[in-house]
Amino acid sequence: MTDTANPPVPATPGRLRVMLRRHPTILWGSGILGLVLLLAVLAPVAFTADPRQVFPLDRLKPPTGAHWFGTDMLGRDIYSRTVYGARISLIVGFSVAACSVAAGLAIGLVAGSNRWADAVLMRILDGVMSIPAVLLAIALMAVSGAGIGNVILALTVAETPGVARLVRGVVLSLREQPFIEAAVASGSRYGSILLRHMLPNTVAPLLVQGTYVCAAAMLLEAVLSFIGAGTPPDVPSWGNMMAEGRAYFAIAPQIILFPGLLLSLTVLAVNLIGDGLRDALDPRLARQH
Amino acid sequence: MTDTAPLLSVRNLQTRFRTDGGEVHAVDGVSFDIRPGQTVALVGESGCGKSVTSLSIMRLLPARAARIAGGEILLNGENLATATEQRMRRVRGNDISMIFQEPMTSLNPVLTIGRQIAETLELHEGLTRREAGEKAIHLLASVQIPEPKRRAAEYPHELSGGMRQRVMIAIAIACSPKLLIADEPTTALDVTIQAQILDLLADLKERTNMAMLFITHDLGVVAEIADHVVVMYAGRKIEEAPVADLYARPRHPYTAGLFGALPVLGSSAGGQTDRLNEIPGSVPSLRSPASHCTFAPRCPRSTDLCRAEVPPLAGQGAGHLAACFHPEPDQKGGTA
Amino acid sequence: MLSYILRRLAATIPTLLIVSLFIFSLLYIGGGDPAAMLAGGEASAVEVEKIRETLGLNDPYLSRYMDWLTAALQGDLGQSLYSQKPVTELILQRVEPTAMLTVTTMIVVLVLSIPLGILAAWQAGRATDRAVMIFAVVGFSVPIFVVAYVGIYFFSVQWRLLPVQGYTSPFEDFPDFLGHMVLPSLALGLTLSALVARITRASMLEVLSQHYIRTARAKGLGDRPMLLRHALKNAAVPIVTVIGLAVATLIGGVVVTETVFAIPGVGRLTVDAILRRDFPVIQGVLLVFSFVYVLVNLAVDLSYSLFDPRIRYR
């Protein structure tokens, strides 16, 4: 009974292969993301210069053999900065996804298990969710000051309520399932029911949601940095680079174009993985594709 | 019997569904005629292809999953199997209309009853909105819905299942179709409501001389309403006969099994019943045209011949055909 | 119906209280002395004390919150630390461009996304459907400023068809207003259109598999009335729900769009306030935007009965 109620989690390489063949978007997304990841990890050896090094004679140069993506208004190499910027974007995306999934899971499990806690927590979450995510993150950044850690914290606060609601929903719907009632009737302790039955059932939806949170966090980080409330100005993040390029856009579009393209591509890759996972793990939704 | 030209003539219909494992022959060479004013019952277990047959006639099969692979569907001589979608729109709801098994979900929940009836009239009879609205109220009255004027302004969720099926019938008869296809119209309803709906259909038929294709698995209903019966098994027609003849002398062992006249292999017992016997296992679905009698695995009379060849339909008396090498003996003595 | 609206409005009060408490407490979340933080690193003790005095930071926490909330309810959102002007006045001055941008964006979204979603559902599995789905996932992944700058580069810089930046009031020069709004509302609308097109497609697909659609076809209805009259209204509830939720994305996008296109709206006010650490303004803007968002979603809830007669409010 438990087996039929649990969503299909790929357990064997064979099933994984079938899943990937049926949902090629996962493969595409992973491929692109893998490339960006590789570039970010290998940044120091990926034919880059120091992203902060200034070449005063080479200011605002279009792409050349020496500077593949051209140079910015201080003569810094845009290719190097873009590659290093990938690190920031990926760190923020993955950290926010991990932190808000962890926090959301904890809050959701508690809310789904205890009616009093549920009433209080849901009110608070409703409140936080009523503040548009960008504004919430902006406000938090305004009080905490620029910094990657603060960006991660602010975006985690903004993204956690959604995850918590999802987990709570899963727990509440599972509580009505016969196999949980049977476990309760047979005297299992609630804690062990949570661990043995509830937790595994949250894996699939959390995986999907976590992917979307990662994509949203990457976009939001860029937005925050772009409007001057994200990473410190000296960090070569994609958002910062695009903010710097604003004034020179008409004469040197490459300053904005390349980080913008890389950001779009990375977010697209993560979203493709998310879509593929959702279709693969949720047969009800998959039917519609 | 054969003096009037058939209104609808289904000839060697082949309908196939695409699946992951290849094409399934859901309907495999079915033929039958319906004459004006006649009621033909299409009988069989679920999955035997009877609903697919009716949807094929209406050309309402899911476009990407199913196709009519062969045969003809002649309505007054015009082949609907190859008609354009544009032509079919003129036929549907006008020449042929259909009522379904699910009265609770077959009406649009966000449109009023009156609108849903009037829509058909505006479409096929060119009535104005107002004229159609007025005629819709008359139609509601003619399907015996009390307070038709008030009901016309209501939404489906405000009506009971029996009422909704009456509304479906009102939509179906709005443009005085020549043929009404009723796909298990009473299955989802209470027994008392079932009887009322059957009475209503019988009454309408008498008043309008409309022909009817009645799809059911309920032999009690068949006896009450049909003139002629076609029995299907695994996508094929295995027997057809005038209703009285079929009840008196079922020839195919499967039909006989349905009537409970003799035990079917694997079924619980004989026992007189007017419902289909529960026959364990489902009707086989065919990946290729049959190469032998599809009922043979479950048939008490099957022989090597049955497992080697498809039995052809053979005459068993006036208007009576059965596809069996070893038909049931005529228990009442007479032969063809 | 009216009593239902009033009760639903009353039900939003606890949410709004929590929102306001949260927004009010933001200053204290960072830890440390808010007055010193607001004054900035180089401020003298006298300056810090002055800010402390202006903001009433010496009073107990809850009483400060109550004072702030009471004032806010009366339309007084405090004073800007930068310009010394009332926050309410600052916001009101900036409302028009933001409201206009929101309206034109919503028009873009509705005109673009709903037909695309319907088209995709109708052509499910075919090339058109795939194209729409690719648009949906790409549109959802490309940040607003990338779309905006690509648009500016071609339409304004290269081809000189549209103004680069700025805003003109529609009440002064309508054609000029439109010219200024084309790129911002397209850039902002693209992300949202992707989201709405996706949900329209999913919702329509769900509806198209229903029995009453088969009934509509059995009547002899063509695709067009079947899709628009029978299916769309049934598919509407999830669509308007997502549009309501997308207002959060829209508000976030307004901040970015107004920055890129130099539109003097509330979003631009927000960004300026952040750069100047003008906290009363940030709080005021946050409160107003959250309030609007809650109200929009209340309106969405109430609109359900327009689409589905089974939903009744008592």
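Me: How many residues does the contact take from chain A and from chain C?
Reply: Two residues are in contact if their C-beta atoms, placed from the backbone, lie within 7 Å. In this predicted model, the contact takes 39 residues from chain A and 41 residues from chain C. Residues are numbered from 1 along each chain as written, and chains are lettered from A in the order in which they are written. Local features need pLDDT of at least 70 and side-chain atom pairs count only at pLDDT 80 or more, while totals for chains, interfaces and linings use all residues.

Me: Which helices of chain A each supply at least two residues of the side that touches chain C?
Reply: Helices are DSSP runs of H or I with at least four residues, strands are runs of E with at least two, and both are numbered from the N terminus. Here the helices are helix 5 (115-129), helix 6 (133-144), helix 9 (190-226) and helix 11 (254-281) of chain A. Chain A has 12 helices and zero strands.

Me: What classes of residue form the side of chain A that touches chain C?
Reply: Ala, Val, Leu, Ile, Met, Phe, Trp, Tyr, Cys and Pro count as nonpolar, Asp, Glu, Lys and Arg as charged, and the others, Gly among them, as polar. This side of chain A has 28 nonpolar, eight polar and three charged residues.

Me: Which domains does the assignment give for chain C?
Reply: Domain bounds come from an automatic or database domain assignment. For chain C, the assignment gives domain 1 (2-73) and domain 2 (88-307). Their C-alpha centres lie 32 Å apart. The contact between them takes 14 residues from domain 1 of chain C and 11 residues from domain 2 of chain C.
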